[in-house]
Amino acid sequence: MTKKLIFHGIVQGIGFRPAALRTAKDLDIKGRVKNSGGNVKLIISGKEQALDEFVRRLITMFEIKEYSIENIEDADFDDFSIVHSTNDNATPFLTPDIATCGECEAELKDKGNRRYNHPFISCVNCGPRYTVINKLPYDRENITMSEFDMCDNCKAEYKSVYDRRCHAQTIACNNCGPVTNISIETAVEILRKGKVLAIKDIGGYHLACDADNPESVKKIREIKGRESKPFAVMFSSIDEIRNYCKVSIKEKELLESPARPIVLLEKIRDFDKSVCGESDYIGAFLPCNPIQIMLLDRISPLVMTSANISGEPIIINDNEINKFGVDVLSHNREILTPIDDSIVRVVAGRTQFIRRARGYVPLSIEIDNCAKADTLCLGGDLKAVFGFHRDKYVFLSQYFGDLEKCDVFESYKSNIRRFASLHGFNLNKTVSDAHPDYYSSNICKNSVKIQHHKAHAASVIAEHKLKGKILAFAFDATGYGDDGAVWGSEVFLINGKSFKRVEHLKYTKMLASDEISKNGRLALECYLGGNKLVDRALENNINTVLSSSMGRLFDAVCSLLDIKHYNSYEGECACALESAAKKADKAYNLTPSLDPVIILKQIKNALNTVKKEELALGFHMMLCNLICALAEKYKKEQCVNQIVLSGGVFNNRILTSFAILTLEEKGFSVYINEKVPCGDGGIALGQAYLASLEDRQCV
């Protein structure tokens, strides 16, 4: 019996063909397998029971989206073989970069192994993927390893059916692979001397230094122009992380996962203030590639941060890194796609993305709505992430940063072209944020406009495939509203295509300048007055705008409590307010209100008699109670039981965890973003969902 099989899913760069080859040998099946762009195609001959078992095993081993089986005319094969790839232009599900597997790490450290201390050790189960693919199909000649000819030993492994490196496209060894410009021992000596070292990794350069050397850390801050935002710290092991942080079972799973993200963990021991600043958390992560493993085995922990001026793209160019004037550990394998480290944390037992990048991009997210045509979703200008929607899958890009920076905008646009080319996407339809002055919104004049906060809410609905009535809370700093005001505390009653804005903070007249997003004291003065110049500008409508921003309210409360008055990086005041709230023994009781002036006056009236920490916690609890009160109101009036929480404000751990806990205790089903960030990094997913509502729904 002969069958033709087509498998569609994550089948590129994941070892599907060698697995099929081994399985065929085990089951005495003859035939052939080949990559075919987005698919893998097979013709197999054998006994019917063996053919059925062959299909079952492959489906079990890999993430198959769809597959087809067709009986064809019997064919006579001598054996089972992997044949040359073709390209059928089907949608490919590309594999992200995968951390060094346990078997490769063991070989890396084995003095008797021929790949001992090989800086680019990998196999079919691990190594760079997305950042080295030039085009599909995923074969040696189509990735950056093509310029490195395999030695005889590597060729033999590549062709050996039961070898872990059978058809491993990144296969190499010390005799035939890429090389570093300096040795690991030299790099370690540089770090031990307290110097800063630029390290070329999978998706770009990092700046690294000894985390226990404050002067070195301060040097990195000077290089990056990064005044106080916390740095991530790379540790050699989970045990070492536990010396500094609490680590739950779920956090351990994330740290050790193939994606190797940075995980925000609660401190139990701190470094010098130059490392993590005033944060209660350490962004901890483990080595994800051989160079990092070897370095951290010799010196740990290390501050490890992207090599760029703050706000600019991560550096992948070997010449550009020299402008920093630091020692460099580089290599001669090209990086095709710049990509930062992903950042996640666990809140109320759920994974929450802060940044979705290496290890997760370009994995798709399946939603219930099909796109009739390829749709480019441009996201927003802050924490920019674009996406393409084809069929029922949304393919999201890595994080780029803020598009007001010229270099970031150029990187964003060039990667749209690269992403489309790799996946075979067409620009049939474009969706953008409704803000008329966003850079992303003006890339295409005929784009469909989607309101910012509706996209926040829709991103949660999309990833959880929610149906029926929903009450969605979209809290963030700013977003262009349907009425031209600045929105940021929106509550939507949603039912299918209907998005009705039912509640929000009472509008406050504010100065329409960039300074308002940074200056907590200025925000406070807009709410309560007291500054003659500000008062006069507001009274005479000089460059003012109406705002319902929840983010600005957090800034104002932080300033009112004299905790912090200025954001040197986005959300700094909000983080400081949360940190103060964590120190409180109890929460001061504030009456829930949608009027920010009433909220602030309650706090101001209690300032002389109540600790600022208790007032900070009281503010968080008041918002939690407000959310619950509104949920109960619409449950009674509209029979709503599904609650969605999205927007950057829900990066606040106290607010999010207590809101989830309290709502669930009251019988509500509560949903947050778990596959994309709740901030603007999730906007493109929400845009895809809303733009496809008019299209035919998938069955």
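Two strands are taken to pair if DSSP finds at least two bridges between them, and the strands themselves (E, at least two residues), like the helices (H or I, at least four), are DSSP runs numbered from the N terminus. The model is a predicted one, so local features need pLDDT of at least 70 and side-chain atom pairs count only at pLDDT 80 or more, while totals for chains, interfaces and linings use all residues. Residues are numbered from 1 along each chain as its sequence is written, and side-chain values use heavy atoms, with hydrogens and water left out.

On those terms, Ser 364 has Phe 395 of S16 as its bridge partner. Cys 377, in turn, sits opposite Gly 387 of S16. Strand S15 (residues 364–377) is joined to S16 by 7 bridges, and the two run antiparallel. Both belong to an open sheet of 4 strands, ordered S16-S15-S17-S18 with mixed pairing. Strand S16 (387–396) and strand S18 (448–450) each have a single partner strand, so one side of each goes without a neighbour in the sheet. Neighbouring strands here are turned by 60° against each other on average, direction ignored; for this and the angles below, axes are lines fitted to C-alpha atoms, for helices over the stretch in contact, and angles run from 0 to 180 degrees between N-to-C directions.

Two helices go with this sheet. Helix H11 (residues 406–423) lies across S15 and S16, at about 145° to S16. Helix H12 (residues 452–464) packs on the sheet as well, touching S15, strand S17 (429–433) and S18, with its direction at about 130° to that of S15; contact means heavy atoms within 4.5 Å. S16 is mostly covered, with 8 of its 10 residues buried, where buried means under 20% relative accessible area, exposed over 50% and partly exposed in between (1.4 Å probe, protein chains only).

S15 also turns up in the second largest pocket, giving the most to its lining with 3 residues. That lining has 25 residues, and Ile 10, Glu 63, Gly 359, Tyr 360 and Leu 363 lie nearest the centre. The space in the second largest pocket comes to about 540 Å³. A pocket, on a 1 Å grid over the protein atoms alone, is an open set of points with protein on both sides within 12 Å along at least five of seven lines, whereas a cavity is a set where a 1.4 Å probe fits but cannot get out; lining residues have an atom within 4 Å of a point. Grid points are joined across faces, edges and corners, and the volume is the space filled by probe spheres set on the points.

Another open sheet has 5 strands in the order S4-S1-S3-S2-S5, again with mixed pairing. Strand S4 (64–72) and strand S5 (80–82) are its edge strands, each pairing on one side only. The twist averages 15° from one strand to the next. Within this sheet, strand S1 (residues 2–9) and strand S3 (residues 39–45) run antiparallel and share 7 bridges, with Leu 5 partnered by Leu 42 of S3. Helix H1 (residues 16–26) lies across S1, strand S2 (30–36), S3, S4 and S5, at about 170° to S5. Helix H2 (residues 48–61) lies across S1, S3, S4 and S5, running at about 10° to S1.

Strand S11 (residues 302–306) is largely enclosed by the rest of the structure, because 5 of its 5 residues are buried. S11 pairs antiparallel with strand S7 (residues 205–210) over 5 bridges, and with strand S8 (residues 232–234) over 2 bridges, also antiparallel. Leu 302 of S11 has Asp 210 opposite and Met 234 opposite too. Met 234 is also among the residues touched by Phe 285, as are Met 304 and Asp 341. Phe 285 belongs to strand S10 (residues 281–285) and, at 1% relative accessibility, counts as buried.

As for nonpolar cores (sets of buried Ala, Val, Leu, Ile, Met, Phe, Trp, Tyr and Cys residues joined through side-chain atoms within 4.5 Å), the largest has 65 residues, with Leu 471, Phe 473, Leu 553, Ile 603, Phe 619 and Leu 645 making the most contacts inside it. Helix H18 (residues 612–638) gives the most to this core, with 14 residues. Apart from it lies another core of 39 residues, including Tyr 244, Ile 282, Val 344 and Phe 353.

Definitions and conventions
Lists of a residue's contacts leave out its neighbours within four places in sequence.
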